[in-house]
Amino acid sequence: MINAMNSSEIVTYLLDNPQFFEEHAELLSTVRLTSPVMGKAISLQERQMEVVRDKYRTLELKLSDLMRNAESNLDISQKFQRWTRELLQTRNDIDLPHVLTQSMKDIFGLPHATLRVWNVTPEFAHGWFAEAVSDDARLFAKGLNAPFCGPNQDFEAARWLEGDTPVASVAMLPLRSAAGAPVFGLLVLGSDDASRYTKDMATDFLVQIADTAAAALHFLTQH
């Protein structure tokens, strides 16, 4: 007696004998399968084409996503370059904090941006950026190993932001002269959109902004 082959054995056989359908080409048109797309019985050849088209559509969607991400990254890179250029062109030291925050708002389209720097040298102690910061706010900034993003929970730093609309979400970027160095300031970005800054958002770009801002502002401090 001939033992019936199970599905796994059939699959193995077909994989080991790729010439099977060449020798039995008529099966490609006679075997009928149910199409999940068309909802009716179709030939093996037609089903294969459905699978290929479905894979093609999936690849098209992935490619489209990659292109959108590439365009977004290029746009961010160009804005970042423009912002850095504004910092490099600033000739008056006392103007740098204003240029830094104002150009961020102008170039990146941010509704709110401000900063505070502590332990500044006496010559810059009268600047708006050197206004008093509580010990709690400094301690909070000291504990940040990466930018904080999330809803505004009545943070002291959020109250530094000027504007007529309530700040719903914030990004707070600790300023350090180098990795592991003490925090000497805080750059604060705010939005009236609660979804602008969220806890699960990527912060790689914000880290770059913080590093550049810290490099530009470190000269203000007693280091």
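Is Phe 205 buried, partly exposed or exposed? Phe 205 is partly exposed, at 24% relative accessible area. Buried means under 20% relative accessible area, exposed over 50%, and partly exposed in between, with a 1.4 Å probe and protein chains only.

This is a predicted model: local features need pLDDT of at least 70, side-chain atom pairs count only at pLDDT 80 or more, and totals for chains, interfaces and linings use all residues. Residues are numbered from 1 along each chain as its sequence is written, and side-chain values use heavy atoms, with hydrogens and water left out.

**Figure 1. The whole protein chain.** The chain holds seven helices and six strands. Both are DSSP runs, numbered from the N terminus: helices are H or I with at least four residues, strands are E with at least two. Along the sequence the pattern reads α-α-α-β-β-α-α-β-α-β-β-β-α. Of the 223 residues, 34% are buried. Contact means heavy atoms within 4.5 Å. Among contacts between residues at least 6 apart in sequence, 56% join residues at least 24 apart. The accessible surface comes to about 14300 Å², and 54% of that belongs to carbon and sulfur atoms. Accessible areas come from the Shrake-Rupley method with a 1.4 Å probe; for residues, only the protein chains shown count as cover.

**Figure 2. The largest nonpolar core.** A nonpolar core is a set of buried Ala, Val, Leu, Ile, Met, Phe, Trp, Tyr and Cys residues joined through side-chain atoms within 4.5 Å. The largest one has 31 residues. Trp 83, Leu 100, Met 104, Leu 173, Leu 187, Leu 189 and Leu 217 touch the most other members. Elements giving two or more residues to this core include helix H4 (44-89), helix H5 (96-108) and helix H7 (204-217). Strands S3, S5 (169-176) and S6 (183-191) do too. H7 gives the most, with seven residues. A second, separate core has 17 residues, including Phe 155, Val 170, Met 172 and Val 183.

**Figure 3. Around Met 104.** Leaving out residues up to four places away in sequence, Met 104 touches Trp 83, Gly 109, Leu 110, Leu 187, Leu 189 and Ile 209.

**Figure 4. The aromatic cluster.** Phe 80, Trp 83, Phe 108 and Phe 205 form one cluster. The whole structure has nine aromatic pairs. Rings of Phe, Tyr and Trp (its six-membered ring) pair if their centres lie within 6.5 Å; planes under 30 degrees apart count as stacked, over 60 as edge-to-face and the rest as tilted. Phe 80 and Trp 83 make a tilted pair, 5.8 Å centre to centre with 55° between the planes. They are three residues apart in helix H4, so about one helical turn separates them. Phe 80 is buried at 17% relative accessible area. Trp 83 is buried at 0%. The ring centres of Phe 80 and Phe 205 lie 5.8 Å apart with planes at 65°, so this pair is edge-to-face. The pair links distant parts of the chain: Phe 80 is in helix H4, Phe 205 in helix H7, 125 residues apart.

**Figure 5. The loop at Thr 121.** Thr 121 lies between strand S3 (112-117) and helix H6 (135-142). Thr 121 is buried, with a relative accessible area of 14%. Not counting residues up to four places away in sequence, Thr 121 touches Leu 220, Thr 221 and Gln 222.

Figure 6. Met 5 sits in the segment before helix H1 (7-16). Met 5 is partly exposed, with a relative accessible area of 47%.
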